[in-house]
Amino acid sequence: MRITELCANWQELMDLYPSFKCLRANPSRIFTEGSLKALYPALNSTELGTVMALFGSTAQEVATLRHDLATLIGVGKGSNGLTAQMPSFVAKFSFDHVAWMNDPMFISKMCTCVNHARALGTAVVNAFSAQTDSIDYRVLCEAMKFHFLVGPDDDTWDDIRQRMIITRTGLAGSFRLAATAKDTDFAGYVNTKAASTNFPQSPNTISWRDGYNRELVSGSIHIDYGLFKTPPIATARGTGYLLKQLTIAAIIFHEATHRWVQTDDDSGYLWEAPYHRAYPDVRLNNADCYAWVAASVWLGRVIKSETDPEVMM
Ligand SMILES: [Zn+2]
């Protein structure tokens with residue numbers, strides 16, 4: 001059982017989270033209904049049932065659920081203690097940038113950029129089901145042709161649409177937006193890691209070197225937090241280049257496709273020549289193609305290169 005099956009959505013879980021804070025102090029505790037009632041008199045019976053389901057399961061289930069919870073809210077494994085709950089996602093700061101937790105301009109821009117990335121997803125998903133004679137649908141067709149070399153009659157049209165929907169749904173929920181590691185070359189990335197539980201063997205597991213079958217899970221979305229400063233002070237590549245907000249939103253959307261639909265970067269990025277030479281089958285799984293189609297539909301015209309005035313300052 002996964003944590004997502006216990007609550008209708010991440011927000012529901014997040015709403016319950018204040019009740020779970022003792023996890024930090026009691027990481028291995030198995031609760032009973034009696035002890036929970038004593039700890040949390042305010043919980044109603046439904047909430048108690050959810051907590052029991054979370055922490056009264058078998059040890060293996062508990063480990064899986066706890067890992068999900070830790071990844072989402074930044075407690076236990078994977079936490080450096082520098083997490084902050086934003087209204088609808090969780091930020092994880094690096095030690096270098098912890099002072100920015102108290103910078104209202106930074107916090108505001110981070111939230112704005114996340115919501116902008118969500119808006120890209122909503123725009124592109126809506127365009128797929130728009131009237132075929134509408135402007136949105138026409139821009140979608142032009143963008144799909146330019147970035148994926150795909151039209152509405154191609155088999156992969158619907159694959160791309162499905163991945164846009166899954167990405168949009170992931171972004172719409174709560175997720176962890178973590179800072180990038182020191183010295184990274186990337187504006188953003190998503191790591192794949194092995195969950196800390198022994199699973200029955202399945203296509204989703206690999207045999208780990210400790211002999212356990214571990215499930216591969218996508219971790220947090222990492223973004224260069226310098227992008228959320230005003231103006232952006234991107235530290236990636238050390239060039240301090242300046243990106244428009246739409247591009248920062250597109251970077252978040254790019255990483256979201258890694259996170260939720262396991263895209264790769266095999267045909268590269270918009271500003272690179274291979275991006276524009278790749279065959280359709282390579283583009284189909286390329287994160288940047290998704291990001292720029294979504295950004296184009298949101299903008300109302302096709303973004304074709306980094307020289308577009310909406311991309312760079
Ligand atoms: Zn990427």
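Me: Which helix holds Thr156?
Reply: This is a predicted model, where local features need pLDDT of at least 70, side-chain atom pairs count only at pLDDT 80 or more, and totals for chains, interfaces and linings use all residues. Residues are numbered from 1 along each chain as its sequence is written. Helices here are DSSP runs of H or I with at least four residues, strands are runs of E with at least two, and both are numbered from the N terminus. Residues 156–172 form the helix that includes Thr156, and its name is α8.

Me: Is Thr156 buried, partly exposed or exposed?
Reply: A residue is buried if 20 or more other C-beta atoms (placed from the backbone) lie within 10 Å of its own, exposed if 12 or fewer, and partly exposed in between. Thr156 has 16 other C-beta atoms within 10 Å, so this residue is partly exposed.

Me: Which residues does Thr156 contact, leaving aside its neighbours within four places in sequence?
Reply: Two residues are in contact if their C-beta atoms, placed from the backbone, lie within 7 Å. Leaving aside neighbours within four places, the contacts of Thr156 are Val150 and Leu284.

Me: How are α6 and α9 oriented to each other?
Reply: Axes are lines fitted to C-alpha atoms, for helices over the stretch in contact, and angles run from 0 to 180 degrees between N-to-C directions. Angles under 35 degrees count as roughly parallel, over 145 as roughly antiparallel, 65 to 115 as roughly perpendicular and the rest as oblique. The axes of α6 (residues 104–128) and α9 (residues 245–261) cross at roughly 70 degrees and come within 8 Å. The two helices are therefore roughly perpendicular.

Me: How many nonpolar residues are in the contact of α6 with α9?
Reply: Among the residues that meet are Leu120 in α6 and Phe253 in α9. Ala, Val, Leu, Ile, Met, Phe, Trp, Tyr, Cys and Pro count as nonpolar, Asp, Glu, Lys and Arg as charged, and the others, Gly among them, as polar. The contact has no charged residues and three polar ones, and its nonpolar residues number ten.

Me: Which residues of α7 meet α6?
Reply: The axes of α6 and α7 (residues 135–148) are 8 Å apart, at an angle of about 100 degrees. From α6 come Val124, Asn126, Ala127 and Phe128, and from α7 come Asp136, Tyr137 and Leu140.

Me: What percentage of the protein chain is buried?
Reply: The chain has twelve helices and six strands. Of its 313 residues, the buried share is 35%.
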